Amino acid sequence: QVQLVESGGGLVQAGGSLRLSCAANGRIFSTMGWFRQAPGKEREFVAVIYGSYGITSYGDSVKGRFTISRDNAKNTVYLQMNSLRPEDTAVYYCHAGGTARDVTTGRGDYWGQGTQVTVSS
């Protein structure tokens with residue numbers, strides 16, 4: 001059974017930091033990433049990491065503040081979120097698939113259950 005297990009969400013004050021984790025169980029994915037969805041808004045691409053050398057890409061709204069990384073030995077991807085703002089409040093979803101294009105566009109094979117990130121002002 002393939003499962004993406006997320007952790008690390010919570011409540012933080014504006015300017016603070018959180019680190020999200022997503023462990024992929026059951027198989028190895030070539031590409032993993034993160035999306036988020038705020039109430040009343042469409043799901044938004046946040047970050048992706050892919051390829052043998054861990055190439056990364058970010059959505060414009062988080063560039064310079066968020067960093068995606070991976071630990072291949074643990075088959076786990078992380079999202080380090082710094083300088084958090086109230087506008088970052090959303091449910092964050094781990095996403096995995098075989099290609100960067102699939103994951104970046106939300107067409108990967110698997111989604112995590114989502115973890116709530118709330119940034120207070």
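This is a short tour, in questions and answers, of one predicted protein model.

Guide: The model is predicted, so local features need pLDDT of at least 70 and side-chain atom pairs count only at pLDDT 80 or more, while totals for chains, interfaces and linings use all residues. Residues are numbered from 1 along each chain as its sequence is written, and side-chain values use heavy atoms, with hydrogens and water left out.

Visitor: What makes Cys22 and Cys94 a disulfide?

Guide: A disulfide is a pair of cysteine sulfur atoms within 2.5 Å. The sulfur atoms of Cys22 and Cys94 are 2.0 Å apart. The pair qualifies. A search of the whole structure finds 1 disulfide.

Visitor: Why is the disulfide of Cys22 and Cys94 called left-handed?

Guide: The torsion about its S-S bond is about -85°, so the disulfide is left-handed. Cys22 lies in strand 3 and Cys94 in strand 9, so the bond ties together parts 72 residues apart in sequence. Strands here are DSSP runs (E, at least two residues), as are helices (H or I, at least four), numbered from the N terminus.

Visitor: Why does Asn75 count as buried?

Guide: Buried means under 20% relative accessible area, exposed over 50%, and partly exposed in between (1.4 Å probe, protein chains only). Asn75 has 15% relative accessibility, so it counts as buried. Asn75 sits in the loop between strand 7 and strand 8. Its phi is positive, about 50°, although it is not a glycine.

Visitor: Is Ser83 buried or exposed, or in between?

Guide: Ser83 has 43% relative accessibility, so it counts as partly exposed. Its loop runs between strand 8 and strand 9. Ser83 also has a positive phi, near 50°, without being a glycine.

Visitor: What makes Arg36 and Asp88 a salt bridge?

Guide: A salt bridge is a side-chain nitrogen of Lys or Arg within 4 Å of a carboxyl oxygen of Asp or Glu. Arg36 and Asp88 meet at 2.9 Å, N to O. The pair links distant parts of the chain, 52 residues apart: Arg36 is in strand 4, Asp88 in the loop between strand 8 and strand 9. Both are buried.

Visitor: Which other residue forms a salt bridge with Asp88?

Guide: Arg65 does, the closest N and O atoms being 2.7 Å apart. Asp88 counts as buried because its relative accessibility is 0%. Arg65 has a relative accessible area of 8%, so it is buried. Arg36, Glu44, Arg65 and Asp88 are linked in a network of salt bridges.

Visitor: Why does Asp60 count as exposed?

Guide: Its relative accessibility is 65%, so Asp60 counts as exposed. The side chain of Asp60 meets Lys63 in a salt bridge at 3.1 Å, N to O. The structure holds 4 salt bridges.

Visitor: How do you know that strand 3 pairs with strand 8?

Guide: Two strands pair if DSSP finds at least two bridges between them. 6 bridges join strand 3 to strand 8, which run antiparallel. Leu18 stands opposite Met81 in strand 8. The open sheet has 4 strands in the order 1-3-8-7, with strand 1 and strand 7 at its edges.

Visitor: Which residues touch the most other members of the largest nonpolar core?

Guide: Met32, Trp34, Leu79, Met81 and Tyr92 do, in a core of 27 residues. A nonpolar core is a set of buried Ala, Val, Leu, Ile, Met, Phe, Trp, Tyr and Cys residues joined through side-chain atoms within 4.5 Å.
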